[in-house]
Amino acid sequence: MNIESIFSENDIRKVISTYGDTVYKIAFSYCKSHADAEDIYQDVFTKYFQHAVMFESKTHEKAWLIRVTINCSKSFLRSSWHKRIILLKDYQEEAVFMEDNNDLLNAVLELPMKYREVIHLYYYEGYSTKEIASILNRRDTTIRTQLQRGRDILKLKLKEDLSYE
């Protein structure tokens, strides 16, 4: 089945312009590499257009894309190809996409994954804890706890960084 037969070029551009930034940022938050995030980005949108899923709403569509992005990112990180690569470069250079506060971004990227994904979805994507729980298939209380612990870790890390300057 050809993608063009289901989606017009305008449809493709609209979906990518609407959700592309979100997909890319989530992928980058997992893999910490622009090249790998771009690969995941392409995989996610390929899946989107191949499956031609009918969504109940724009919220459902965005949640589906976030879930697929998280799954693709986790699969990438588990892949034998990725495990063989030794990343020698400092990923701080890769953090250009959020220039407004690189110290904060670097601190978020250093968080353990369970806190990083919750912080990202809450602060950067604007989801409520209840929505995040639904997306990640976790309990709402778990999300609130992870969000608080992530904030606490960030607070300590940022205080440490300020005291060394």
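Threonine 69 is in contact (heavy atoms within 4.5 Å) with Val23, Ile26, Ala27, Ile40 and Val44, leaving aside its neighbours within four places in sequence. The residue lies in helix H4, which spans residues 58-78; helices are DSSP runs of H or I with at least four residues, numbered from the N terminus. Because its relative accessibility is 0%, threonine 69 counts as buried, a term that denotes under 20% relative accessible area, with exposed meaning over 50% and partly exposed in between (1.4 Å probe, protein chains only). The model is predicted: local features need pLDDT of at least 70 and side-chain atom pairs count only at pLDDT 80 or more, whereas totals for chains, interfaces and linings use all residues. Residues are numbered from 1 along each chain as its sequence is written, and side-chain values use heavy atoms, with hydrogens and water left out.

Valine 44, not counting residues up to four places away in sequence, touches Val23, Leu65, Val68, Thr69 and Cys72. Val44 also belongs to the largest nonpolar core, a set of 22 residues; such a core consists of buried Ala, Val, Leu, Ile, Met, Phe, Trp, Tyr and Cys residues joined through side-chain atoms within 4.5 Å. Ile40, Val44, Phe45, Tyr48, Phe49 and Leu65 touch the most other members. At least two residues of this core come from each of helix H2 (9-31), helix H3 (34-51), H4 and helix H6 (102-109), and H2 gives the most, with eight residues. A second, separate core of 20 residues includes Ile132, Ile143, Leu147 and Leu154.

H2 also packs against H7. Their axes, which are lines fitted to C-alpha atoms over the stretch in contact, with angles from 0 to 180 degrees between N-to-C directions, come within 10 Å and cross at roughly 160°. The two helices are therefore roughly antiparallel, a class for angles over 145 degrees, with under 35 counted as roughly parallel, 65 to 115 as roughly perpendicular and the rest as oblique. In this contact, Lys25, Ile26, Ser29 and Tyr30 of H2 meet Met113, Arg116, Glu117, His120 and Leu121 of H7.

Helix H7 (residues 113-124) packs in turn with helix H8 (residues 129-136) at an angle of about 130°, the axes being 10 Å apart. This angle makes H7 oblique to H8. The contact is formed by Glu117, Val118, Leu121 and Tyr122 of H7 together with Thr129, Ile132 and Leu136 of H8.
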